[in-house]
Amino acid sequence: MHELKQLYKRWCGEEPAAIEQLAGAGSNRLYYRLTNPQGESVIGVVGTSRDENHAFIYLAQHFTQRQLPVPEILAVDDDEMRYLQTDLGPVSLFDALKGGRDAGGRYNQQEKQLLIRTIRELPNIQFRGARGLDWKNCYPQPEFDVDNVLFDLNYFKYCFLKATDLDFHEMKLEANFRLLAKDLTSEQMDCFLYRDFQARNVMLKASPDGGKTGGDLFFIDFQGGRKGPLYYDLASFLWQASAKYSHRLRRELIKEYYDELKKYTEVPPVHHFANQLALFVLFRTLQVLGAYGFRGYFEHKQHFVDSIPPAIQNLREVLDFFRGNGEAGISENENMPYPYLMDVLQRLTELPQFAPKPQQPVVRSDGYKTVEKDIYEAHPQDGPATFSKYDGKGPLVVRVFSFSYHKGIPADESGNGGGYVFDCRSTHNPGRYEPYKKITGLDEPVIRFLEDDGEILTFLESVYQLADHHVERYIQRGFTSLMFSFGCTGGQHRSVYCAQHLAEHIHEKYGVEVHICHREQGITQVLKNTKV
């Protein structure tokens, strides 16, 4: 601490008026906010590795020259064990996305725009950052290679896999590790691999509202970067275990990245891009589990122990993709690579300590997700079943309405009886307050009002349970039409919010075609069938 104070004094001519140690994460580096009497602050860093510090200092200075959004290095001790950098404030992208995570991955438009801005900046860092970069300054090695991959895979094996007591054949697993390493390093790319590109390492520099809803994006903790393939960072960001990004949101962000990438390099075909990305998602998931195992099981850091279940769920989704189910949000894969590795990972996800608490949907042969047990399974004494004339017609189309009770319940054009009608009037009404009178349940202020209040979320939990069962059974039977309607006083706030969220929930979970009609607002939307 004394040396850091002296560095600060040499830089600005006086000692700091206040020093605040900041919370650390997975790194052994110590961070401090040093503030002068005028309230202006910088960040002081005390590292344990001179080489790691040197890598960050060199890269930050290089990126600053390339006009990339990174903290500026203000002063460095002669031995490079301490340095000062600009203070970007306390709000990270991870902090700014808390509302969407707490809502189970339902990110609002403002949060989605932050994600889009971030993912569009990635090719800029990867390609402009690589220009003129002297790779020998990278730590701990200059380039992503086979040895790098095998080290991380064995890190997963020894720090996580062995800690679970799962039985496996080490030589067979090692052979598949080598095949995976060969495929991951098959493309030579002269771009900067950030390595730890995730929402916690993106800062929102203070703006008039405190940085929580806007401001400039800045990127930190890139000291482990090196030359490598572009897919790694995209997988690292979108499959961050705790982020709860939906499959649809991932696909949207992948497209944003792919389109932005065209400004910097010749892009590979979409099919090739998707399959290569899938390999890096698998690799990154195993790498993360290795880190969580070491930090959680061996260093007993609870944050990392708590992060293991969502990482295992990510692994389940990756395995679904490689089995051809396509639910990982990337693309279809024709072949099952690395069969022994896949077998070990499948058995890993089935261990009792990692069993998901709610019953998990499975994918039927017809491509739709439903519950594994058919609750209508016949008993031999029941005799043969009779069937409805509507059975087996499919595919299902779901229609979801919002409406005002003053103007009546929406008519059922299919002739099937109208389905469910839910009364939202028991929940807190934002329409009673002046700021919300001219906007709807599709607008961010109303969404935040309803979600912060919480009543609407409890209401929808019960609706989802009813709707899920009904949709699953209609899919099983091949019915073609199902209708849900939500009514409130004016058909403007609560009913609109509920109708939109149920429609998106059904579409994301089951992939069926959903028609949305906010009747009193004159708004219609069609979410296309993704199973066709």
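Modeller: Gladly! A word to start with: a residue is called buried when its relative accessible area is under 20%, and exposed when that area is over 50%. Please keep in mind that this is a predicted model.

Biologist: Let us begin with helix H1, residues 2–12. Which of its residues are buried?

Modeller: The ones to look for have a relative accessible area under 20%. In helix H1 the buried residues are Leu4, Leu7 and Tyr8.

Biologist: Why do the buried residues of H1 line one face of the helix?

Modeller: Look down the axis of H1: its buried residues fall within an arc, so they line one face of the helix. On the other side of H1, His2 and Arg10 are exposed. The buried face packs against strands S2, S3, S4 and S5.

Biologist: Now to helices H13 and H14. At roughly what angle do their axes cross?

Modeller: Two packed helices are described by the angle and the distance between their axes. The axes of H13 (residues 444–453) and H14 (residues 455–477) come within 4 Å. H13 and H14 are therefore roughly perpendicular to each other. Their axes cross at roughly 80°.

Biologist: Which residues of H14 are met by Leu450, Glu451 and Asp453 in H13?

Modeller: By class, the contact of H13 with H14 has three nonpolar, no polar and three charged residues. The partners that H14 brings to this contact are Glu455, Ile456 and Leu457.

Biologist: Are Phe197 and Phe219 buried or exposed?

Modeller: Both belong to a cluster linked by ring pairs, which also includes Phe56, Tyr83 and Tyr245. As for their accessibility, Phe197 and Phe219 are buried.

Biologist: Which peptide bond is cis, with omega near 0°?

Modeller: Head for the loop between helices H5 and H6, where Pro140 lies. The cis bond runs from Tyr139 to Pro140.

Biologist: One last stop: why does Asp165 count as exposed?

Modeller: Asp165 sits in the loop between H6 and helix H7. Its phi is positive, about 65°, although Asp165 is not a glycine. Exposed means over 50% relative accessible area. Asp165 counts as exposed because its relative accessibility is 71%.

How values were computed: Residues numbered from 1 in each chain as written. Predicted model: local features only at pLDDT ≥ 70, side-chain atom pairs only at ≥ 80, totals over all residues. Heavy atoms only, no water. Buried < 20%, exposed > 50% of the residue type's maximum accessible area, 1.4 Å probe, protein only. Helix = DSSP H or I, 4+ residues; strand = E, 2+ residues; numbered from the N terminus. Arc of directions from axis to C-beta. Contact = heavy atoms within 4.5 Å. Axes fitted to C-alpha atoms, helices over the stretch in contact; angles between N-to-C directions. Parallel < 35°, antiparallel > 145°, perpendicular 65-115°, else oblique. Nonpolar A, V, L, I, M, F, W, Y, C, P; charged D, E, K, R; others polar. Phe/Tyr/Trp six-rings, centres within 6.5 Å; stacked < 30°, edge-to-face > 60°.
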